[in-house]
Amino acid sequence: DDKLIFARAMPAPVDVAVDGHFAGKLTDDLRLELQGWSAISVAALGLAGLLALVLAIARIPGVERALPFLNQAFFQRGLVVHVTFAFVVWYLAVHGALTVLVTSRLLAGTTKMSVGGLLAGRLGLGAAALSFLLLLVPMVLGRGAASPNNYIPVMTDPIYYAGLAVLGVGLALPIVRLMAAMWHGQIGRAHV
């Protein structure tokens, strides 16, 4: 009885969901995309945490004399980038990972994804990674002013806006692929 209890307590293998819905349905390409979106979400939270630490240090009295770049303008820009990575980038990267999982479930019967679907996934992941740099450049270079809006604070800089746009396009590509897979699945069922 103890061996059975111990066996049930062991975690499931990495590519096997507890409920079994995704067991064996992730192709190598989709697994790579899922790992990429997961890495982007974890990196966004890690960067947001690092920025929170730097922002806390910037608020220590007298630190601006020792580290002159940690001034009030840096604090405001850093706070905007911290919130963007902690909420916007993280949330959208998790959405990208979930989109990959749903796509894998829809394409479970097929052995190979189309070239367009593969390209959409890879380009989306690459665009999301590029958005990291575009969102960080204005803060690092001291460009633009912080605009602390209620929902998504931004910096008034074209590079920052480009980073948000590239992130949106990066997520839109796997979503379009998912919608195309859903449509083809419905058409296929309608003709059967």
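Let's start with Val 89. Leaving aside neighbours within four places in sequence, Val 89 is in contact with Ile 40, Ala 44, Thr 84, Phe 132, Leu 135 and Leu 167. Keep that residue in mind. One thing before we go on: this is a predicted model.

Now the overall layout. The chain has 6 helices and 2 strands. From the N terminus on, the order is α-α-α-α-α-β-β-α. There are 192 residues in the chain, and 33% of them count as buried. The accessible surface comes to about 11500 Å², with 70% of it belonging to carbon and sulfur atoms. Residues 24 or more positions apart account for 76% of them.

Next, the core. Which residues have the most contacts inside the largest nonpolar core? They are Trp 37, Val 81, Phe 85 and Val 89. Helix α4 gives the most, with 12 residues.

Let me take Trp 37 from that list. Trp 37 sits in helix α2. Is Trp 37 buried or exposed? Its relative accessibility is 1%, so Trp 37 counts as buried. Among the partners are Leu 92, Ala 93, Gly 96, Ala 97 and Val 100. Trp 37 also touches Gly 124, Leu 125 and Ala 128. Then come Gly 170, Leu 171 and Pro 174. One distance to note here: Trp 37 and Gly 126 are 89 residues apart in sequence, and their C-alpha atoms are 9.9 Å apart in space.

Thr 84 counts as buried because its relative accessibility is 1%. Beyond four places in sequence, Thr 84 touches Val 89, Leu 135, Pro 153, Tyr 160 and Leu 164.

Now aromatics. How many aromatic pairs does the count come to? The count is 1. The pair is Phe 85 with Phe 132, and the geometry is edge-to-face. The centres are 4.9 Å apart, with 65 degrees between the planes. This pair links distant parts of the chain, with Phe 85 in helix α4 and Phe 132 in helix α5, 47 residues apart. Phe 85 has 0% relative accessibility and therefore counts as buried. Phe 132 comes in at 14%, so Phe 132 counts as buried too, the cut-off being under 20%.

On to charges. The count comes to 4 salt bridges. I will go through some of them.

Asp 28 pairs with Arg 31, the closest N and O atoms being 3.2 Å apart. Why are these two about one helical turn apart? Because they are 3 residues apart in helix α2. Asp 28 counts as exposed, at 60% relative accessibility. Arg 31 counts as partly exposed, at 24%.

Arg 122 forms a salt bridge with Asp 29, with the closest N and O atoms 3.2 Å apart. This pair links distant parts of the chain: Arg 122 is in helix α5, Asp 29 in helix α2, and they are 93 residues apart. Both residues are partly exposed: Arg 122 has a relative accessible area of 34%, and Asp 29 has 27%.

Then there is Glu 33 with Arg 177, at 2.8 Å from N to O. Glu 33 lies in helix α2 and Arg 177 in helix α6, so this pair ties together parts that are 144 residues apart in sequence.

Which residues make the nonpolar surface patch of about 540 Å²? Leu 50, Leu 53, Ile 57, Ile 60, Leu 67 and Phe 69. Of these, take Ile 57. Ile 57 lies in helix α2, which spans residues 28-58. At 34% relative accessibility, Ile 57 counts as partly exposed.

That's the tour. Questions, please.

Methods. Residues are numbered from 1 along each chain as its sequence is written. This is a predicted model: local features need pLDDT of at least 70, side-chain atom pairs count only at pLDDT 80 or more; totals for chains, interfaces and linings use all residues. Side-chain values use heavy atoms; hydrogens and water are left out. Buried means under 20% relative accessible area, exposed over 50%, partly exposed in between (1.4 Å probe, protein chains only). Contact means heavy atoms within 4.5 Å. Patches are made of residues with over 30% relative accessible area and no salt bridge: like charges are joined within 9 Å, nonpolar side chains (Val, Leu, Ile, Met, Phe, Trp, Tyr) within 5 Å. Accessible areas come from the Shrake-Rupley method with a 1.4 Å probe; for residues, only the protein chains shown count as cover. A salt bridge is a side-chain nitrogen of Lys or Arg within 4 Å of a carboxyl oxygen of Asp or Glu. Helices (H or I, at least four residues) and strands (E, at least two) are DSSP runs, numbered from the N terminus. A nonpolar core is a set of buried Ala, Val, Leu, Ile, Met, Phe, Trp, Tyr and Cys residues joined through side-chain atoms within 4.5 Å. Rings of Phe, Tyr and Trp (its six-membered ring) pair if their centres lie within 6.5 Å; planes under 30 degrees apart count as stacked, over 60 as edge-to-face and the rest as tilted.
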